Amino acid sequence: MLIADAPTTALDGSIPALVLEIIKEMQKKLGLAMMLITHNLGVVAEITKRVHIFYGGRVVESGPTEDVFINPQHPYTRALFDSIPSIEKDKTRLETIPGNVPRLINPPKGCRFHPRCKYATEICSRERPEDVWLGPKRRVACHHYEELDLDVDEKTIRERVKIKEEV
Ligand code: SF4
């Protein structure tokens with residue numbers, strides 16, 4: 001297995017694309033499985049088939065990459081997509097997620113995302129949401145995922161993170 005931890009971080013210009021090409025080539029040539037760890041959603045879209053979204057030391061959502069990108073079920077996943085800059089959006093300010101990442105030595109009770117989540121209710125600060133399986137390879141951990149309409153406009157997200165048709 002090839003573990004690539006933030007392989008494109010701090011690289012400029014065309015170097016990230018080159019690094020990704022080398023990784024893909026190695027993977028193909030040697031028949032390796034690969035685990036990629038990154039904050040870059042464009043890189044995830046470019047070379048992965050499955051994605052696990054982590055927040056506060058826990059997987060909050062996972063599934064086939066394209067499905068998670070087009071149809072996010074967790075408010076944190078949706079907030080990540082909303083914070084990707086786009087030259088097509090008529091905005092003067094970047095979208096951000098308010099607050100700070102939790103200190104894992106003393107994480108928030110209940111859902112660890114609740115102090116920053118715009119959909120949080122009382123139960124979120126009290127009870128840890130269980131993993132809910134939405135399909136054989138698709139799961140989410142949120143008390144309110146069924147009530148939220150978090151679908152991303154497919155065209156927009158394809159343009160913003162360049163999901164390949166074959167992913
Ligand atoms: S469980 Fe509550 S706080 Fe956590 S992501 Fe879902 S709505 Fe937000």
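This short talk walks through one predicted model, from its overall layout to a few single residues.

Before we start, a word on conventions: residues are numbered from 1 along each chain as its sequence is written. Since this is a predicted model, local features need pLDDT of at least 70 and side-chain atom pairs count only at pLDDT 80 or more, while totals for chains, interfaces and linings use all residues.

Let me begin with the whole chain. The protein chain has six helices and six strands, where helices (H or I, at least four residues) and strands (E, at least two) are DSSP runs, numbered from the N terminus. Of its 167 residues, 24% count as buried, and here a residue is buried if 20 or more other C-beta atoms lie within 10 Å of its own, exposed if 12 or fewer, and partly exposed in between, with C-beta atoms placed from the backbone. Among contacts with a separation of 6 or more, 49% are made by residues 24 or more positions apart; two residues are in contact if their C-beta atoms, placed from the backbone, lie within 7 Å.

Now please look at the sheet. Four strands form an open sheet in the order S3-S4-S6-S5, with antiparallel pairing, and two strands are said to pair if DSSP finds at least two bridges between them. S3 and S5 are the edge strands, each pairing on one side only. From one strand to the next, the twist averages 25°, an angle taken between N-to-C directions on a scale from 0 to 180 degrees, with axes that are lines fitted to C-alpha atoms, for helices over the stretch in contact.

At one end of that order, strand S5 (residues 132-135) and strand S6 (residues 138-140) pair in the antiparallel sense over three bridges, and Val132 stands opposite Val140 in S6. S5 and S6 form a hairpin with two residues between them, and Pro136 has its place in that loop. Is Pro136 buried or exposed? Pro136 counts as exposed because 7 other C-beta atoms lie within 10 Å.

Let us turn to the interior. In soluble globular proteins, nonpolar side chains tend to be buried together. The largest nonpolar core here has 19 residues, and those with the most contacts inside it are Val44, Ile53, Tyr55, Val60, Tyr76 and Phe113. Helix H2 (41-47), S3, H3 and H4 each supply at least two residues of this core, and H2 gives the most, with four. By a nonpolar core I mean a set of buried Ala, Val, Leu, Ile, Met, Phe, Trp, Tyr and Cys residues joined through C-beta atoms within 7 Å. Leaving aside neighbours within four places in sequence, Val44 is in contact with Thr38, Val51 and Thr65. In helix H4 (residues 75-82), the buried residues are Pro75, Tyr76, Thr77 and Ala79, and what covers them includes strand S3 (50-55), strand S4 (58-64) and helix H3 (65-70).

Next comes the ligand. Which residues come nearest to the ligand? Of the 13 residues around the ligand, they are Cys111, His114, Cys117, Cys124 and Cys142, and a residue is near a molecule or strand if its C-beta atom, placed from the backbone, lies within 6 Å of it. By class, this shell has nine nonpolar, four polar and no charged residues; Ala, Val, Leu, Ile, Met, Phe, Trp, Tyr, Cys and Pro count as nonpolar, Asp, Glu, Lys and Arg as charged, and the others, Gly among them, as polar.

I will finish with two residues in the loop between strand S1 (2-5) and helix H1 (15-30), where Ala6 lies and where Ala10 is also found. Most residues other than glycine have a negative phi, and most peptide bonds are trans. Phi of Ala6, however, is near 50°, and Ala10 has a positive phi of about 70°. Ala6 is partly exposed, because 13 other C-beta atoms lie within 10 Å, whereas Ala10 counts as exposed, with 7 C-beta neighbours inside 10 Å.
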